[in-house]
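Notebook open, viewer open. I want to go through this one piece by piece and jot down what I looked up.

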Amino acid sequence: MVRRMVSDALSADTQIQVVGAAANGKIALAKIPQVNPEIVVLDVEMPEMDGLATLEQIRKSYPLLPVIMYSTLTERGAEATLEALAKGATDYVTKPSNVGSAAQALERIRSELIPKIKAICSRAIGTSLTSPTPLLPTPAISARPAGPRIEERVDVVAIGVSTGGPNALADLIPTLPPNFPVPVVIVQHMPPVFTRLLAERLAAKSQIAVAEGQAGVALKPGCAWIAPGDFHMIVESEHNQVKLRMHQGPPENSCRPAADVLIRSVADVYRPHALAVVLTGMGQDGLRGCEHIRELGGQVLAQDQATSVVWGMPGFVANAGLADKVLPLNELGPEIIRRVGKGRNPGAASHSVYVPREVR
């Protein structure tokens, strides 16, 4: 029933052709060389050979074939999805649950799965699925031409990321040293449970502490917090401290949590001492927040197109001229460390807590 529903939803789009369906991983592996797909949608839970085992075999034979995992909104599904991403899956989509009707389930598939298929395939085949114009290489982009900019001291790092984000964060966060002198706040577009498990996985392999954000927690150096699924996360000044706050205001850019919400609040509190980093992801979440960062004198970095799974979020920031630098993923960690360390006494800064000017 699920295979039929997904196939029907995808086939209804004139730009997508479903070339095959399989009841389990073994059948899928046999069909791939026959139908030569440009992308595979792979269920996590299947009889005989499950999604993880199938993914491992796909990666051995087809290392560049994009794979979207189709997962349940459960702890077990979240664990399996994050494991699949670590094993090389390109992205994931959660199955419709408690949506009320088959029509609503189909609409969820259309609204969530189809855009990801088109975005990922556009990158893989080098053409746009929304226009006939080929995707041309993007030249290196620097800050908008407004003369030399003073690099202010950085007292916080705010990261926004979506499609391809768990793997990007798994590469970036472990590069930060244990004495990293400022706090890190992160929005990764993910549902509840997934964000907690992602934080636990990052904590296990990172030198800094990583946790899911909780209301009232005071920001401190050498710690990173990931916004919990279905909650916007912001920072606020309170009693000479900067603390996390959560709320369930309307989604922005169809997202909750949204990077724009977090980055705007960071700009308001830290003003020129904020550094925003926008990584791989669909859409333009983070663009308005980065505009606010730049208006108040802060700094912005963006991931480049070549290393992004989808160059949507960082692409919008870069093309708007907001990024001080556009860098490959493996160069972002050293650049963040350089900017955070500039003008700071290494021996003392790791124990300091930034107090915004207005609450001193």
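**Entry 1: E236**

Skipping neighbours within four places in sequence, I got Q241, V242, K243, R245 and V269 for E236. Before going on, a note on the source: this is a predicted model, where local features need pLDDT of at least 70 and side-chain atom pairs count only at pLDDT 80 or more, while totals for chains, interfaces and linings use all residues. Residues are numbered from 1 along each chain as its sequence is written, and side-chain values use heavy atoms, with hydrogens and water left out.

E236 lies in strand β8; helices (H or I, at least four residues) and strands (E, at least two) are DSSP runs, numbered from the N terminus. Buried, exposed or partly exposed, what is E236? E236 has a relative accessible area of 34%, so I put it down as partly exposed. My cut-offs are under 20% for buried, over 50% for exposed and partly exposed in between, with a 1.4 Å probe and protein chains only.

**Entry 2**

Next I followed β8 along to its partner. Strands β8 (residues 232-238) and β9 (residues 241-247) run antiparallel and are joined by 7 bridges; two strands pair if DSSP finds at least two bridges between them. I found M233 opposite M246 of β9. The two strands make a hairpin with 2 residues between them, and H239 in the turn has a positive phi of about 50°. N240 is in the β8-β9 loop as well, and its phi is positive too, about 60°, although N240 is not a glycine. I noted N240 as partly exposed because its relative accessible area is 43%.

N36 is another non-glycine with a positive phi, about 50°. I located N36 in the loop between α2 (25-35) and β1. N36 comes out at 63% relative accessibility, so it counts as exposed.

Then the omegas: the R256 to P257 peptide bond is cis, with omega near 15°. P257 sits in the loop between β9 and α8.

**Entry 2: the β1-β2-β3 sheet**

I traced an open sheet of 3 strands, ordered β1-β2-β3 and paired in parallel. Its edge strands, each pairing on one side only, are β1 (40-43) and β3 (91-94). Neighbouring strands here are turned by 30° against each other on average, direction ignored. For angles, axes are lines fitted to C-alpha atoms (for helices over the stretch in contact), and values run from 0 to 180 degrees between N-to-C directions.

Between β2 (residues 67-71) and β3 I have 4 bridges, parallel. D91 of β3 is the bridge partner of I68. Helix α4 (residues 75-86) packs on this sheet and touches β2 and β3, its direction making about 170° with that of β2.

**Entry 3: rings**

How many aromatic pairs are there? The count is 1, using Phe, Tyr and Trp rings (the six-membered one for Trp) with centres within 6.5 Å; planes under 30 degrees apart count as stacked, over 60 as edge-to-face and the rest as tilted. The pair is Y92 with F194, stacked at 5.3 Å centre to centre and 15° between the planes. Y92 is in β3 and F194 in helix α7 (residues 194-205), 102 residues apart, so to speak from distant parts of the chain. Both residues, Y92 and F194, are buried. K116 lies over the face of Y92, 5.1 Å from the ring centre; the rule wants NZ of Lys or CZ of Arg within 6 Å of the centre and within 35 degrees of the ring normal.

**Entry 4: cores and α9**

A nonpolar core here is a set of buried Ala, Val, Leu, Ile, Met, Phe, Trp, Tyr and Cys residues joined through side-chain atoms within 4.5 Å. The largest has 50 residues, and M69, V157, I159, L169, F180, L279 and I336 touch the most other members. I found a second, separate core of 34 residues, including V187, M233, I263 and A323.

Last stop was α9 (residues 287-295), where L287, G289, C290, H292, I293 and R294 are buried. The buried residues of α9 pack against α8 (259-270), β10 (274-278), β11 (299-303) and α10 (313-319). After α9 comes G297, with a positive phi near 90°.

Methods. Contact = heavy atoms within 4.5 Å.
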